[in-house]
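User: Good morning. I am new to this structure and would like to be guided through it.

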Amino acid sequence: MEYALRLLLPSLFCLVATAAAAKGTFIPPGAKPPDYAITMATGGSFYKSGSQIVVHHGDWTKVAINADSPNVTYYHEDARISVNGSSLVVIRGPEFEELIEYAPRNIGERQIHLGESCTVWEVSRSRPSSISRDSGTIALSCVTDDGIELSQKLLGPSKDVIFSAEATRIERRPVSPEEVQPPASAFALDWPGRDTLPPIPPEKPDHEVVMQEALPPEKLGAIRIVRRHGPWQFTEETAGKLRTIRVISDHARTWFEYASDASGAPKRLIINRYTPPPEEQAQVRALRPQPKRDGGTDTVLGETCSWFNMTPEIFDNNTQSCLTEDGISLKEQYLSRSSHRAWTAIRVVRRPIAIDEIKLAPELLSPQLWGVE
């Protein structure tokens, strides 16, 4: 599982980084922009020169990176929905960084873009550090009197331009909801069949394991449910109203995740539908690191398990699992620079697992759940 996530992360990073480069659009407090479509030239010291098309209607704004690119991000109030071909990332709620101050400031400067006057706002800034009160980044935006953003810049500590976007064409025109809202098909899942993703030997038996996180006696540890069906693994963790579900295949590039916030409300949805071709499946089999025996044995629920290092080639974190002879984890320990978690099985059942027990529940994939009508 850990190795599969490592293979998948680069593609997800590209999707998130693309959305971050766009930064959405800044709308000053109280402003209600009219419908519009803008083409913007983009660039910066960390980004290749390119373009983006921004379309706005009502509470929705759509940002497409380059006219012929599948990278599209939809913004709605406190939600961000990023679509990149076969991938989808939905984030609800604010995405604040602790070291960034987000209160916008009108700095009183006026600029001209495409013959239109706009006011410069300081959208966000790094909080003063103990090293230098002048260190950090500043995000600037120039907005017309009717609330349309004509330019944005992200400045680095030395005032270098990390990212920029400047309007090259602006059109105030009626925009339909279909132009700015993500299609319902972005949430649809055509589940790959078991034959499409052949298992990577040795195949584990179908099973279900319930594990509890080891915490001090006065605290109630999180509960983890793990189900295995062929090359698929389903993992659900709950702690109070916090809930995280991950479904991943042995072939790494097909991955789904759902997470709620502390109130139980939907927070994050990630869908990666990519099915690797046979040659890539063979490459995964060849490169997949094998667990390394790294300790003694233990006994859990009357079963004996042996300790293995599951991430022998990863140096920034370490996952230890106590595995039965048929590969079922009865104990786990995860250690990184910022986290230490330990789990112990409280129930183990070897039984046939239906594919419907692996899939994300249909209601979690409903566009309406994520604010898309």
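This is a predicted model: local features need pLDDT of at least 70, side-chain atom pairs count only at pLDDT 80 or more; totals for chains, interfaces and linings use all residues.

User: How many disulfides does a search of the whole structure find?

Analyst: The search of the whole structure finds 2 disulfides. Cys 118 is joined to Cys 142, with an S to S distance of 2.0 Å, and Cys 305 is joined to Cys 322, with an S to S distance of 2.1 Å.

User: Where in the chain are Cys 118 and Cys 142?

Analyst: Cys 118 belongs to strand β9 and Cys 142 to strand β10 (residues 138-143); they are 24 residues apart, and the pair links distant parts of the chain.

User: And is Cys 118 buried or exposed?

Analyst: Cys 118 is buried, as its relative accessible area is 0%. Cys 142 is also buried, at 1%.

User: What about the torsion of that S-S bond?

Analyst: The torsion about the S-S bond of Cys 118 and Cys 142 is about 95°, so this disulfide is right-handed. The link of Cys 305 and Cys 322 is right-handed too, with 95° about its S-S bond.

User: How accessible is Leu 114?

Analyst: Leu 114 counts as partly exposed, at 43% relative accessibility.

User: What is the phi of Lys 159?

Analyst: Lys 159 has a positive phi of about 70° and is not a glycine. Lys 159 lies in the loop between β11 (149-155) and β12 (161-171).

Key:
Residues are numbered from 1 along each chain as its sequence is written. Side-chain values use heavy atoms; hydrogens and water are left out. Buried means under 20% relative accessible area, exposed over 50%, partly exposed in between (1.4 Å probe, protein chains only). Helices (H or I, at least four residues) and strands (E, at least two) are DSSP runs, numbered from the N terminus. A disulfide is a pair of cysteine sulfur atoms within 2.5 Å.
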